[in-house]
Amino acid sequence: MTTLLKVSNLNKHFGGLHAVKNVAFTITRGEVVGILGPNGAGKTTLYNLLTGFIPPDAGAQIEFEGQSLMGVAPHRIAGLGISRTFQLCRPFVGMTVLENVIVGGLGSARTSGPGLADRAEALLKQVGLVGKEETPVESLSYGDQRRLEIARALAAKPALLLLDEPFAGLGSGEIADLSELIRSVHATEGLTVMLIEHKLREFMRLVDRVIALDFGEVIAEGTPENIVKEPSVIEAYIGRGDPVGEAAGHAA
Ligand SMILES: Nc1ncnc2c1ncn2[C@@H]1O[C@H](COP(=O)(O)OP(=O)(O)OP(=O)(O)O)[C@@H](O)[C@H]1O
Ligand SMILES: [Mg+2]
């Protein structure tokens, strides 16, 4: 098992708010790792730091495949093999579904120009958007936009896929379908996946390991079965009325 991502001493202040606090973890190639934490815990900020969207405070180390990402621009980090989806879908408007996926693959050192359209079509098939290649993205249903986000992120042939609440706003049938899709891309593409999700039942079924954050700090790490028994995690969720009970019920 090789280390894919190694993070240490990661901090981010927004003015007086210490949004990410002394975070350190490693991700092994091939894992599906869940990032758990109540609203405002710093989960999306962590992704923004990993993908170079915002710079960390001084002193941080982020190493991906043994290479430091400090000071590397977001598009170059994507090109090195880290793709993400956004908590709110961000399609390229004014383009078709197929064009969105092709653009997702442009500029990646891991893809080559001539194969992009073929790969994009194959990805649309994989995510269940066949027949919608020429549809303008604006007219996709919300569930289809979520699928497109994943196809677009995969177009760059990432080694690491960061998913930020992919189930938000979806019904239970759509969540089950998207879970299957995440499982299948993990299996067939040999992808390492990090998943932020509040829909805990599906989250706990998908992940191998959980890193729990609260107020920007890692408060616990462990298997889904063990994490929901951690007093600090129960306190972070139940103490504030969030639904970790659902997950505890599932793991029990
Ligand atoms: N660009 C920013 N400027 C100022 N404060 C920010 C910024 N981004 C995030 N924050 C603050 O940092 C904290 C962590 O936010 P973040 O979005 O990372 O939380 P989260 O864990 O993703 O929450 P949620 O589950 O609601 O998406 C919050 O208090 C948020 O208001
Ligand atoms: Mg968030």
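Guide: Over residues 247-252, pLDDT stays under 50, and the model has 11 contacts beyond four places in sequence for that stretch. This is a predicted model, so keep that score in mind when you look at those contacts. The chain as a whole averages a pLDDT of 90, with 93% of the residues scoring at least 70.

Now for the domains. The assignment gives domain 1 as 3-81 + 158-251 and domain 2 as 91-156. Their centres, taken over C-alpha atoms, are separated by 24 Å. Where the two meet, 15 residues of domain 1 are in contact with 12 residues of domain 2. On the domain 1 side, helix H2 (74-80) and helix H6 (172-188) are the elements that give two or more residues. That side divides into nine nonpolar, four polar and two charged residues.

Next, the packing. The largest nonpolar core has 72 residues, and Val101, Leu124, Ala151, Met194, Leu195 and Ala212 have the most contacts inside it. Helix H5 (residues 142-154) contributes the largest share, five residues. Because domain 1 and domain 2 both give residues to this core, it lies between them.

Around ligand 1 you'll find Phe14, Leu17, Ala19, Gly37, Asn39, Gly40, Ala41, Gly42, Lys43, Thr44, Thr45 and Gln87. Strand S2 (17-28) and helix H1 (43-50) each supply at least two residues of this shell, and the largest share, three residues, comes from H1. By type, the shell has four nonpolar, seven polar and one charged.

One last stop is Asn11, which is found in strand S1 (residues 3-14). Asn11 has 17 C-beta neighbours inside 10 Å, so it counts as partly exposed. Beyond its neighbours within four places in sequence, Asn11 is in contact with Val20, Lys21, Asn22, Pro56, Asp57, Gly59 and Ala60.

Technical notes. Residues numbered from 1 in each chain as written. Chains lettered and ligands numbered in written order. Predicted model: local features only at pLDDT ≥ 70, side-chain atom pairs only at ≥ 80, totals over all residues. Core = buried A, V, L, I, M, F, W, Y, C linked by C-beta atoms within 7 Å. Buried ≥ 20, exposed ≤ 12 C-beta atoms within 10 Å, placed from the backbone. Helix = DSSP H or I, 4+ residues; strand = E, 2+ residues; numbered from the N terminus. Domains from an automatic or database assignment. Near = placed C-beta within 6 Å. Nonpolar A, V, L, I, M, F, W, Y, C, P; charged D, E, K, R; others polar. pLDDT = per-residue confidence, 0-100. Contact = placed C-beta atoms within 7 Å.
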